[in-house]
Amino acid sequence: MPAYVGVINIVSIGSSAVVNVGDAYSIKPMSSAQTYAGAGSFNTGDSVTVYNNKSISNVYDQDQIDQPIVGNM
């Protein structure tokens, strides 16, 4: 059965967002991300003190493919 849609006002859409208007059988948004973070990177608060004298984040990725999304349907 077709969907009857009225007036739509879309102000903004994010980079990995999906907008569906009407009927849809399947919606599968896909994305992947890789984050490098050293010691104390995700600390939050008003007064955070972190002492990392010898902290190294190894960002070398030998195979270049961590989460393949091509062909994952």
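Reader: Of the residues in this chain, what percentage count as buried?

Author: In this predicted model, 1% of the 73 residues of the protein chain count as buried, where buried means a relative accessible area under 20%. The chain exposes about 7200 Å² in total, and carbon and sulfur atoms supply 50% of that area.

Reader: How many helices and strands does the secondary structure of the chain come to?

Author: The count comes to zero helices and zero strands for the protein chain. The radius of gyration is 21 Å, well over the 11 Å that the globule rule gives for 73 residues, and the chain is therefore more spread out than a compact globule. Taken along the principal axes, the box filled by its C-alpha atoms is roughly 65 × 40 × 15 Å.

Reader: Which residues make the nonpolar surface patch?

Author: Val5, Ile8, Ile10, Ile13, Val19 and Val21 make this patch, which covers about 490 Å². To read one of its members, take valine 5, which has a relative accessibility of 43% and so counts as partly exposed, a class lying between the buried limit of 20% and the exposed limit of 50%.

Reader: Which residues is aspartate 66 in contact with, leaving aside its neighbours within four places in sequence?

Author: With those neighbours left aside, aspartate 66 is in contact with Gln34 and Asp61. Aspartate 66 is itself partly exposed, because its relative accessibility is 43%. Serine 26 lies 40 residues from aspartate 66 along the chain, and their C-alpha atoms are separated by 26 Å.

Conventions:
Residues numbered from 1 in each chain as written. Predicted model: local features only at pLDDT ≥ 70, side-chain atom pairs only at ≥ 80, totals over all residues. Heavy atoms only, no water. Patch = residues over 30% accessible without salt bridge, like charges linked within 9 Å, V, L, I, M, F, W, Y side chains within 5 Å. Areas by Shrake-Rupley, 256 points an atom, 1.4 Å probe, with all protein chains shown as cover. Salt bridge = Lys/Arg side-chain N within 4 Å of Asp/Glu carboxyl O. Buried < 20%, exposed > 50% of the residue type's maximum accessible area, 1.4 Å probe, protein only. Helix = DSSP H or I, 4+ residues; strand = E, 2+ residues; numbered from the N terminus. Rg over C-alpha atoms; globule rule 2.2 N^0.38 Å. Contact = heavy atoms within 4.5 Å.
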